[in-house]
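Biologist: I am new to this one. Please show me the chain and its fold, and then take my questions in turn.

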Amino acid sequence: MGNVILGLLLLAPQTLYSLNQQFRHGISLFYRASYGSLQSALRTLAAKEYATFAETVEGGRNKKVYSITDAGAAAFHAWMRAPIEGSDIEVAALSKLYFLGLVDGPGERRAVLDDVIAAIERDRAQLASLDAALDEMDVPEQYRRVFHYQRKALAYGLMSTDAAEGWFRALAADETGGAETGGEETGEGR
């Protein structure tokens with residue numbers, strides 16, 4: 001969550017309230033965060049000196065306006081360029097996609113997209129391996145109906161992984177072609 005907040009702070013200084021609004025109305029498509037978890041993440045970012053804040057009074061109320069530091073900007077850009085790790089590839093991929101416009105140059109953006117594609121390929125290979133292993137299982141009669149729908153869930157995972165890979169490959173191809181704002185081929189705005 002901290003890297004997503006850093007990306008938002010790169011765009012503009014933010015209050016806790018404005019961060020919460022952005023998480024609720026846009027980022028929630030791929031990342032959910034409670035008000036309390038945002039507050040905790042901001043404290044952590046401030047403790048690491050990745051973010052700082054100024055206290056102001058507006059309408060008789062105290063509020064903190066958070067800004068990113070140079071160290072925070074460096075940490076954000078290092079995260080954007082770092083390989084995706086962990087099991088929640090979709091959240092990581094969409095988080096990086098959301099802020100890809102903050103990465104300079106089509107070559108650097110393409111490198112981020114190539115890493116996303118590699119992570120999706122690794123995930124796909126794991127799902128395919130599981131699918132193959134399940135083909136070899138002898139399922140007792142009393143569990144076959146449950147197993148049938150468990151395999152359907154796996155089939156959905158394979159299908160959605162294939163779709164994500166194709167979508168990110170098309171976007172990477174756009175980036176290689178020098179498209180700065182394109183998106184028709186990748187379904188932007190649909």
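Biologist: Which residue in β3 is the bridge partner of Q14?

Modeller: This is a predicted model, in which local features need pLDDT of at least 70, side-chain atom pairs count only at pLDDT 80 or more, and totals for chains, interfaces and linings use all residues. Residues are numbered from 1 along each chain as its sequence is written, and side-chain values use heavy atoms, with hydrogens and water left out. Strands here are DSSP runs (E, at least two residues; helices are H or I, at least four), numbered from the N terminus. In β3, Q14 is bridged to Y66.

Biologist: In what order do the 3 strands of the open sheet lie?

Modeller: Two strands pair if DSSP finds at least two bridges between them. β1 and β3 (61-68) meet over 2 bridges, while 8 bridges join β2 to β3. The edge strands, each pairing on one side only, are β1 (14-15) and β2 (51-58). With antiparallel pairing, the order is β1-β3-β2.

Biologist: What angle does the direction of helix α1 make with that of β3?

Modeller: Helix α1 (residues 2-11) packs on the sheet and touches β1, β2 and β3, where contact means heavy atoms within 4.5 Å. Axes are lines fitted to C-alpha atoms, for helices over the stretch in contact, and angles run from 0 to 180 degrees between N-to-C directions. For α1 and β3 the angle is about 95°.

Biologist: Which element gives the most to the lining of the largest pocket?

Modeller: On a 1 Å grid over the protein atoms alone, a pocket is an open set of points where a 1.4 Å probe fits, with protein on both sides within 12 Å along at least five of seven lines; lining residues have an atom within 4 Å of a point. The largest pocket holds about 400 Å³ of space, and of its 16 lining residues the closest to its centre are E90, I120, S160, T161 and A164. The elements giving two or more residues are α5 (89-98), α6 (106-135) and α7 (144-176). With 7 residues, the most comes from α7.

Note on methods. Grid points are joined across faces, edges and corners, and a volume is the space filled by probe spheres set on the points.
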